[in-house]
Amino acid sequence: MSTVMLVDDSATILLSIASILGKAGYSVEKAPNAEQALKKFNDGVKIDLLITDLNMPGMNGIELIKEVRQLPSYKFMPILFLTTESQQSKRMEAKAAGASGWIVKPATADELLNTIKLVLR
Amino acid sequence: MPIMIHSEIVRGEQSADGEIVNERIAVELEQVRLFNDVMRGQLQAVAEATEIAAFRIAERLHVLDREVAKLESITSDTTAPAEGVRQCISRMAGGLFEAHAQIQFQDVVRQQIELIVQALGQLDEHALQLARSLRDPGPSVAQPSVAERLDELYSGYVMDRQRVAHDVALQRETPSTGTAPLRTELF
């Protein structure tokens with residue numbers, strides 16, 4: 001079973017997306033901000049995929065993935081952004097920082113799960 | 001560009017009548033600021049209310065998820081569950097899946113409202129500076145113009161729908177970025 005780390009400052013998003021992932025057979029680690037997520041990564045929690053929001057109070061999603069990519073264990077882990085932002089320039093910034101893909105909110109369950117399957121293949 | 005109109009007014013020689021007019025305008029601006037405060041509070045309350053409601057719905061959906069999972073488990077243990085029951089459970093599970101996804105609307109709405117609240121805060125600051133200038137015609141301090149504040153607001157948008165609504169309100173074309181960005185993209 002793959003473990004997905006979900007990072008979003010919205011408790012509703014965390015709960016609803018975690019429910020979708022759980023139902024689809026994934027184990028889910030949740031973090032309400034980038035700092036808590038980074039702590040889990042630093043603690044060496046086994047994570048197969050990171051899904052993060054872009055705009056969050058404190059450290060944003062791009063800053064988070066730059067930090068995560070510095071950690072040897074997560075250098076090649078797939079990283080997806082799940083965000084309301086759709087601007088191409090932001091996507092390119094995320095790609096340069098090491099993101100694997102981009103999903104615009106609100107995403108359907110199919111969009112989300114199909115993309116996850118693709119990056120975990 | 002700094003605010004020129006009021007700066008010109010306050011720099012000029014003023015009669016007693018002019019001072020009275022300035023004072024009246026300053027008082028009116030303070031009333032506008034009060035109105036602005038109320039609107040900001042109302043919008044913030046809407047954002048909070050939708051957040052609470054969406055979270056409660058998500059919680060209920062989560063409970064229903066578990067019940068459906070139990071039903072799936074029960075029917076899988078039964079040697080010959082009625083096909084109709086199985087189909088019904090499958091439809092419920094599918095509906096719950098999509099309902100969970102739809103809850104994301106709240107996060108979208110919250111961010112839109114929060115930006116409006118922030119913009120009203122800028123309008124408030126603008127009115128405050130204008131009222132101060134009218135009351136105290138000393139050396140004017142350059143303040144961002146409304147156009148500059150609008151540009152700043154635009155740069156803070158996180159969604160295309162915000163940019164389009166802004167451009168429509170100002171009756172201008174939204175800058176084209178070629179083809180519409182995909183909702184899902186792998187790099």
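B:Met39 is partly exposed, at a relative accessible area of 34%. Here buried means under 20% relative accessible area, exposed means over 50%, and partly exposed lies in between, with a 1.4 Å probe and protein chains only. B:Met39 sits in helix H2 (residues 16–77) of chain B. Helices (H or I, at least four residues) and strands (E, at least two) are DSSP runs numbered from the N terminus. Together with B:Phe35 and B:Val38, B:Met39 forms a nonpolar surface patch of about 290 Å² accessible area. Accessible areas come from the Shrake-Rupley method with a 1.4 Å probe, and for residues only the protein chains shown count as cover. Patch members have over 30% relative accessible area and no salt bridge; nonpolar side chains (Val, Leu, Ile, Met, Phe, Trp, Tyr) are joined within 5 Å, like charges within 9 Å.

The model is predicted: local features need pLDDT of at least 70, side-chain atom pairs count only at pLDDT 80 or more, and totals for chains, interfaces and linings use all residues. Residues are numbered from 1 along each chain as its sequence is written, chains are lettered from A and ligands numbered from 1 in the order written, and side-chain values use heavy atoms, without hydrogens or water.

Chain B contains 6 helices and 1 strand. From the N terminus, its elements follow the order α-α-α-α-α-α-β. Of its 187 residues, 29% are buried. Contact means heavy atoms within 4.5 Å. Among contacts in chain B with a separation of 6 or more, 71% join residues 24 or more positions apart. The chain exposes about 11800 Å², and carbon and sulfur atoms supply 61% of that area.

The contact between the chains involves 34 residues of chain B and 41 residues of chain A. About 3200 Å² is buried between them, 56% of it from carbon and sulfur atoms. B:Gln104, B:Arg183 and B:Phe187 supply 25% of the area that chain B buries against chain A, more than any other three residues. Buried area is the accessible area (1.4 Å probe) that two parts lose on being put together, summed over both. The interface holds 5 salt bridges. A salt bridge is a side-chain nitrogen of Lys or Arg within 4 Å of a carboxyl oxygen of Asp or Glu. B:Arg163 pairs in this way with A:Glu85, and their closest N and O atoms are 3.1 Å apart.

B:Arg110 lies in helix H4 (residues 105–135) of chain B. It counts as buried because its relative accessibility is 7%. Leaving out residues up to four places away in sequence, B:Arg110 touches A:Asp9, A:Ser10 and B:Glu51.

H1(A) is largely enclosed by the rest of the structure, because 10 of its 13 residues are buried. These buried residues include A:Ile13, A:Leu14, A:Leu15 and A:Ile17. Just after H1(A), A:Gly25 takes a positive phi of about 100°.

Most residues other than glycine have a negative phi, and most peptide bonds are trans. B:Gln171 is not a glycine, yet has a positive phi of about 50°. It lies in the loop between helix H6 (160–169) and strand S1 (184–186) of chain B. B:Gln171 counts as exposed because its relative accessibility is 76%. The peptide bond from A:Lys105 to A:Pro106 is cis, with omega near -10°. A:Pro106 is placed in the loop between strand S5 (101–104) and helix H5 (109–120) of chain A.
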